[in-house]
Amino acid sequence: MPVTESYDRQVPLVAVVDGNDLNRKQVANALISFYRVVQYSDADQALNGLRKEAPEVALVDDQTPGGGGYHLVRAMRWDRGLATVPVILTSSQDERSVAAMVKGCGANVLLSKPYRRSKLIITVSKLLNRQVEESWAKLPPRPRAALNDTISVFNSISDAIDNGEGVDYRLVNDACTPLVEAIENNEFKSILGGVRDHDNYTFAHSLKIATLLSLFGKIIGLKYHDQLLLAGGGLLHDVGKMTIPHEILNKPGRLLADEFEVMKRHVPATLAVLEVNDSIPKGAIIIAAQHHEKLDGTGYPKGLKGRELNELARMSSIVDVFGALTDRRAYKPPMPAEQALGIMTDQMSAYLDQNLLKMFKSMMLDAVQDV
Ligand SMILES: [Fe+2]
Ligand SMILES: [Fe+2]
């Protein structure tokens, strides 16, 4: 799919500075599916280029010709436009022997070579997230608390999954409380805006679904307690995606049939995490279990249809489809809300509840643009 200029600007820019052509190209190739990448083989040349367009993250090799990596990072720290750009310094030297140099020049992280591709991507992603999360400090108290509390509970769930533990639903409820309060006070746009550029896709998508699902609940007249349940269920609905390989989860373009089978496993994986504890409310389990089911029975994992799908399942599949269409991914621009709603009405009438969709549509057109 061709990308527009405005979309291009939304994708984070990562600069790769390395005099070794082979290394630099390998690193650039690993990052190109997720980010815009600019390459430099010389430190002086890099400083000029970075001044023209500051990247969101820079990877600098310590052996770069033209003064070396340390010199470049130090120069960046003295430059007003580049002083706060997170820098990953790459080096083949022994970690202990370069630690003082890394700190002294002002780099944020040392990545010792050789490193795995996944480690590179995780390191870049963490630095990007740090920037986005720091920007939340400027938001009003409720949206700020909603973002900070949900990311911290999401990170704790990620640790729990790694350790084979379950989810403590009290923490999810607590984290969703400022979210529902922000919705009550019409401040939810700050949450959607605040999470839009977060680089943890599963978190960004889940918080968006939590927000829109809870807002949907308010619009159809549900009480606070049910709105809170919709927010909690939305936040948890895809946590099993944390177990899906990065390459499949973030694959640019269409998944092959066998890759799609792997992707579908995120539903039982989510349920396995949620069912470790019996404290997870039934409604949240339904949202997780049935958000990919379709009214005509062509959904997954069970192929449920018609009356087998209750209101909660129908609402969550509408919100999830809308979320997926309007999410920004490295390989596709976000679809405008009106276009997504048009497709959902014209092409998905066999499997989305059209009455609920009408309500959702007017809610989105009234309340939210370009989410
Ligand atoms: Fe899902
Ligand atoms: Fe989802």
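**View 1. Where domain 1 meets domain 2.** Here 12 residues of domain 1 are in contact with 14 residues of domain 2 (contact means heavy atoms within 4.5 Å). This is a predicted model, in which local features need pLDDT of at least 70 and side-chain atom pairs pLDDT 80 or more, while totals for chains, interfaces and linings use all residues. Residues are numbered from 1 along each chain as its sequence is written, chains are lettered from A and ligands numbered from 1 in the order written, and side-chain values use heavy atoms, leaving out hydrogens and water. Domain 1 covers 5-130 and domain 2 covers 139-367, with bounds from an automatic or database domain assignment.

**View 2. The iron ion (ligand 1) and its donors.** Let's look at the metal: Asp-238 (OD), His-266 (NE2), His-291 (NE2) and His-292 (NE2) coordinate the iron ion (ligand 1) at 2.1 to 2.2 Å. Donors are N, O and S atoms within 2.8 Å of the metal (3.2 Å for Na, K and Ca); water is not among the atoms, so sites may look incomplete. Along the chain, the donors follow the spacing D-x27-H-x24-H-H.

**View 3. Asp-238 between two iron ions.** Asp-238 bridges the iron ion (ligand 1) and the iron ion (ligand 2), and these ions lie 3.5 Å apart.
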